[in-house]
Amino acid sequence: METNLTINSTKHRLDLDPRTTLLDALRHHLGLTGSKKGCDHGQCGACTVMVNGRRINACLTLACMHDGDEVTTIEGIGAPGNLSPLQEAFVREDGFQCGYCTPGQICSATAMLEEIAEGWPSHVTDDLEGKPALTTDEISERMSGNLCRCAAYPNVVEAIRKAAGESA
Ligand code: FES
Ligand code: FES
């Protein structure tokens with residue numbers, strides 16, 4: 001089935017079995033192995049990418065459902081020598097150990113900071129009127145879909161807070 005995707009600003013025309021997930025299209029058909037397969041069941045967040053600016057689990061959606069969409073993977077967020085502010089903060093704050101969850105954490109956090117900038121409330125936001133404060137509870141809640149088997153959570157939260165220009 002022909003599927004056209006714009007991935008990290010590059011157009012791709014793929015001929016895929018319609019059962020191919022977006023994650024498998026990225027990893028196996030395009031060689032973009034930055035997005036990781038942890039559970040393949042929507043439980044761990046290792047496969048998080050952005051589609052049209054919104055974060056999703058790439059293992060839970062079929063590539064053919066995204067014909068014409070713009071996909072951003074970790075490869076499109078930054079590269080060695082040209083890291084995004086979040087990537088730099090993860091390095092500086094020790095926001096990872098094995099690193100397997102990290103591409104998903106950074107894609108998720110990148111979109112999450114946009115959601116906060118747009119004033120989207122979360123389950124733990126007290127004030128529904130203004131921009132949500134980047135408290136530990138707020139960041140933890142918003143990043144709860146991204147699991148880390150190495151339990152680097154405190155440093156992940158700190159990296160996100162620092163990248164957003166906020167101090168503890
Ligand atoms: S691999 Fe997609 S959520 Fe775990
Ligand atoms: S750094 Fe190892 S799973 Fe998160």
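Predicted model: local features only at pLDDT ≥ 70, side-chain atom pairs only at ≥ 80, totals over all residues.
Before I list any sheet order: I count two strands as paired if DSSP finds at least two bridges between them.

**Sheet**

I looked up the strand order first. I get an open sheet of five strands, β2-β1-β5-β3-β4, and the pairing is mixed. β2 (10-15) and β4 (54-57) each have a single partner strand, so they stand at the edges and one side of each is left without a neighbour in the sheet.

Next I zoomed in on one pair. β3 (residues 48-51) and β5 (residues 70-72) run antiparallel and pair over two bridges. Opposite Val 71 in β5 I find Val 51.

**Helices on the sheet**

Then I checked what lies across the strands. Helix α4 (residues 102-117) lies across β3 and β4, and its angle to β3 is about 40 degrees.

**α3 against α4**

How far apart are the axes of α3 and α4, and at what angle do they pack? I read 10 Å and about 130 degrees, with α3 spanning residues 85-92. Angles of 65 to 115 degrees would be roughly perpendicular and those over 145 roughly antiparallel, so α3 is oblique to α4. The crossing comes out right-handed.

I listed the contact residues too. α3 brings Leu 86, Gln 87 and Phe 90, while α4 brings Thr 102, Gln 105, Ile 106, Ala 109, Thr 110 and Leu 113. Sorted by class, that contact has five nonpolar and four polar residues, and no charged ones.

Terms used. Residues numbered from 1 in each chain as written. Chains lettered and ligands numbered in written order. Heavy atoms only, no water. Helix = DSSP H or I, 4+ residues; strand = E, 2+ residues; numbered from the N terminus. Contact = heavy atoms within 4.5 Å. Axes fitted to C-alpha atoms, helices over the stretch in contact; angles between N-to-C directions. Parallel < 35°, antiparallel > 145°, perpendicular 65-115°, else oblique. Left-handed = near helix turned anticlockwise from the far one by under 90°. Nonpolar A, V, L, I, M, F, W, Y, C, P; charged D, E, K, R; others polar.
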